[in-house]
Amino acid sequence: MKAFIIGGSGNGKSAFAEKVAAKLGGKMIYIATMPIFSEEDIKVVERHHKLRAGRGFETLERPQRIEDVPDHGETVLLECMSTHVANVMFGDGFDELRSNPDTNYAEEIWKEIGPVFEREGNTIIVSAEVTMDGNTYDPATEQYIRTLAEINNHLADAADLFVEVVYGIPLVHKGSIAFLEE
Amino acid sequence: MKLYIGGLGHGQALLAEKETGLKPEQCSEETALQAKAIDNFEEIIKEIVKKDGDAQDFAKRLLLENPDVVVVANEIGCGIHPLERIDRRWREQTGRALCILADGAESVTRVCCGIGQKIK
């Protein structure tokens, strides 16, 4: 199954995605995209580790490229696409892309993420909704918002299951979550 | 508890009043515990976060001590990660407090452009 989970900050996306992963079963791999910069980041990572503790996830840290993703039928949970897009556009290790003013980030990111989503086995990708605060930002942030929105659209299009989590309540936009109750 | 949520200006307070007959009003952390209908729930969380209080504990108390209240909230979690720590905390804690209310509520209605969708 290819599952795409989206939602706002603090809405329970992680908990829901982990519930889906546990239900799909098999060897579970968690791909963490978050780079650690501050004390606050460590707290967030610790909280997520705590949530995953005892649920059998092997964690792979991928704060730059999403590479070397296991491809032998494992259940992979990748979190979070919003962070990965920020890593590519603003983080370390992507100087080559950024040196070209014509870089199409959505295209470059999809080249990497598309095959991960299409890999054998279950893949669950978590992303954030960032388009709805009505603010106008600097051009770089505006480009980020549009890039993430484009990636999210690709993910929803390719997914078998697309769920928006609203304060812990799953709203199913595509596919079915009946299997969670089985 | 009946919970009404939606983006800023989507008409969740109006719909809540129409459906329940109760006019949602701005409350403080204290007055919310006795109120019949609360408006702008996220503003109460902002005050709690500002004084470094426990927003999730407040949500649990509200459910327990005022189980029949109508709560109206603006969704604030669907934007760019705020630059200021206090804003990030407000945004996340509002989400987590609303997860607690949604879990305990008898109904959750999400309002988009004035139209309510009962999601629980």
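1. Buried residues make up 42% of the 120 residues in chain B, a residue being buried if 20 or more other C-beta atoms, placed from the backbone, lie within 10 Å of its own. This is a predicted model, in which local features need pLDDT of at least 70 and side-chain atom pairs count only at pLDDT 80 or more, whereas totals for chains, interfaces and linings use all residues. Residues are numbered from 1 along each chain as its sequence is written, and chains are lettered from A and ligands numbered from 1 in the order in which they are written.

2. Chain B comprises four helices and six strands, helices (H or I, at least four residues) and strands (E, at least two) being DSSP runs numbered from the N terminus; read from that terminus, the order is β-α-β-β-α-α-β-α-β-β. Its radius of gyration, taken over C-alpha atoms, is 13 Å, close to the 14 Å that the globule rule (2.2 Å times the number of residues to the power 0.38) gives for 120 residues, so chain B is as compact as a globular protein of that length.

3. The C-alpha trace of chain B spans about 35 × 30 × 25 Å along its principal axes.

4. In chain A, seven strands form an open sheet of mixed pairing, ordered β3-β2-β4-β5-β1-β6-β7, where two strands pair if DSSP finds at least two bridges between them. At the edges stand β3 (57-61) and β7 (169-174) of chain A, each with a single partner strand, so one side of each is left without a neighbour in the sheet.

5. Within chain A, β2 (residues 28-32) and β4 (residues 75-79) pair in the parallel sense over five bridges; in β4(A), Leu78(A) is the bridge partner of Ile31(A).

How values were computed
A residue is buried if 20 or more other C-beta atoms lie within 10 Å of its own, exposed if 12 or fewer, and partly exposed in between; C-beta atoms are placed from the backbone.
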